Amino acid sequence: MIQAGGQIDGDAVTAAAPQANALLSDASRRLGPALPGVAEELMTAGFDRMLRAWSGAAAASALASIPSVMVWDGSDLGRLLAGAWGGREEGDAASRSLRPLFAATRRQVQLFQTGSVADSPPDCLWGSECGTLAQGFTMGEVGLLTLDSWSDRNGRRMLSERGWSMLPDWLDRFTACRHLILVSGGPLLTPAAVLPDRLGGVLPSRLRSRFSDHWAAPGRHAEWERMVRTLADFSRRSGCR
C-alpha cells in the first residue's frame with residue numbers, strides 16, 4: 001500500500017501550536033527570526049497527534065499486516081506551512097524563519113513514516129544522500145520510487161539541483177525492472193495541468209492555489225518538462241515502463 005501523504009492532519013497540528021500558528025498566519029512576522037521554542041512546540045504537537053492517531057487497534061493491525069510505503073505531502077505540513085514554504089524565495093528572510101518549523105515537521109515525518117532519524121537512515125531512504133526523504137524499492141520486476149517534492153521546494157522549483165543530480169542514478173537502479181511506479185507528489189500528467197494557463201484569469205483564488213501544487217503549474221513548466229524528458233529517456237534506454 002502506498003500512502004501518498006496525509007498521514008497526519010497538519011492543520012490540526014498547527015492549530016495546537018499557538019506560537020507556530022501565529023507566525024504562519026501573519027506574513028509580516030515571518031520576516032523576522034523564528035520565536036524561541038516555536039519549532040519544539042510544533043514538533044511536540046505533531047508527535048502527540050501522531051501517537052493518538054496511530055496507537056489505535058485498527059491502525060496498528062493494518063500497519064502490521066499490510067506492507068506500506070509512506071510519503072509526505074502538503075497535508076502533513078498543513079495549509080499554512082505548506083503555502084508559506086512552497087511560495088518562498090531561497091535565502092530570503094521568510095525562508096530563514098520558516099526553516100526551523102519545516103525541519104521540525106520533517107523530523108517527525110521521518111520518524112513515523114520510516115521509523116528512523118536523520119543520523120541513521122534506512123537503506124530505502126535514497127534521498128538521505130542529498131538531504132531529502134526520497135525512497136526507492138525493488139520488488140521483483142517492479143520498482144517503486146517516491147520523490148520528495150517538499151524538502152527543497154520553493155516558489156520556483158519542486159526539486160533542487162542536488163536532487164536532480166541524484167535522479168539518474170536512482171533510475172539506473174531500476175534498469176532490470178519491467179515496470180516503475182513513480183510517486184511524484186502532485187501528478188506529472190493530468191488534463192488539469194493545462195487549466196491554470198488557459199483559465200487562470202477566471203479561476204477563483206482557492207482553485208488557483210490548488211493548481212499551484214502541480215508540477216505543470218505556471219512558473220514550473222521547465223522543471224516539469226525536464227522530469228518528463230528524464231523519465232522518457234530512461235524508459236527508452238531500459239525498456240522499463
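Is Asn 154 buried or exposed? Asn 154 is buried, at a relative accessible area of 4%. Buried means under 20% relative accessible area, exposed means over 50%, and partly exposed lies in between, with a 1.4 Å probe and protein chains only.

This is a predicted model, in which local features need pLDDT of at least 70 and side-chain atom pairs count only at pLDDT 80 or more, while totals for chains, interfaces and linings use all residues. Residues are numbered from 1 along each chain as its sequence is written, and side-chain values use heavy atoms, with hydrogens and water left out.

**The chain as a whole**

- The secondary structure comes to 11 helices and five strands. Both are DSSP runs numbered from the N terminus: helices are H or I with at least four residues, strands are E with at least two.
- The chain has 241 residues, and 44% of them count as buried.
- The accessible surface is about 12100 Å². Carbon and sulfur atoms hold 56% of that surface. Accessible areas come from the Shrake-Rupley method with a 1.4 Å probe, and for residues only the protein chains shown count as cover.
- Take the contacts between residues at least 6 apart in sequence: 70% of them join residues at least 24 apart. Contact means heavy atoms within 4.5 Å.

- Three strands form an open sheet in the order 3-4-5, with mixed pairing. Two strands pair if DSSP finds at least two bridges between them.
- Strand 3 (135-139) and strand 5 stand at the edges. Each has a single partner strand, so one side of each is left without a neighbour in the sheet.
- Neighbouring strands are turned by 15 degrees against each other on average, direction ignored. Axes are lines fitted to C-alpha atoms, for helices over the stretch in contact, and angles run from 0 to 180 degrees between N-to-C directions.
- Strands 3 and 4 run antiparallel and are joined by five bridges. Met 139 has Val 142 as its bridge partner in strand 4, and Gln 135 stands opposite Thr 146.
- The hairpin of strand 3 and strand 4 has two residues between the strands. Gly 140 takes a positive phi near 65 degrees there.
- Strand 4 (residues 142-146) and strand 5 (residues 179-183) pair in the parallel sense, also over five bridges. Leu 145 is bridged to Leu 182 of strand 5, and Thr 146 to Val 183.
- Strand 4, helix 8 (residues 161-172) and strand 5 make a right-handed β-α-β unit. Right-handed means that, with the strands pointing away from the viewer, the path from the first strand over the helix to the second runs clockwise.

**Leu 144 in strand 4**

- Strand 4 is mostly covered, with four of its five residues buried.
- Leu 144 belongs to strand 4 and counts as buried because its relative accessibility is 3%.
- Val 69 is 75 residues from Leu 144 along the chain, yet their C-alpha atoms are separated by 9.5 Å.

**The nonpolar cores**

- The largest nonpolar core has 26 residues. Such a core is a set of buried Ala, Val, Leu, Ile, Met, Phe, Trp, Tyr and Cys residues joined through side-chain atoms within 4.5 Å.
- Leu 42, Trp 72, Leu 77, Leu 81, Leu 101 and Trp 150 have the most contacts inside this core.
- Helix 2 (18-25), helix 3 (38-54), helix 6 (79-86) and helix 7 (93-114) each give two or more residues to it.
- A second, separate core has 21 residues, including Trp 164, Trp 170, Cys 177 and Leu 188.
- Helix 6 has the buried residues Leu 81, Ala 82, Ala 84, Trp 85 and Gly 86. They pack against helix 2, helix 3, helix 5 (74-77) and helix 7.

**Back to Asn 154**

- Asn 154 lies in the loop between strand 4 and helix 8.
- Not counting residues up to four places away in sequence, Asn 154 touches Trp 85, Gly 86, Arg 88, Glu 90 and Arg 220.
- Asn 154 and Glu 90 are 64 residues apart in sequence and 6.7 Å apart in space, C-alpha to C-alpha.
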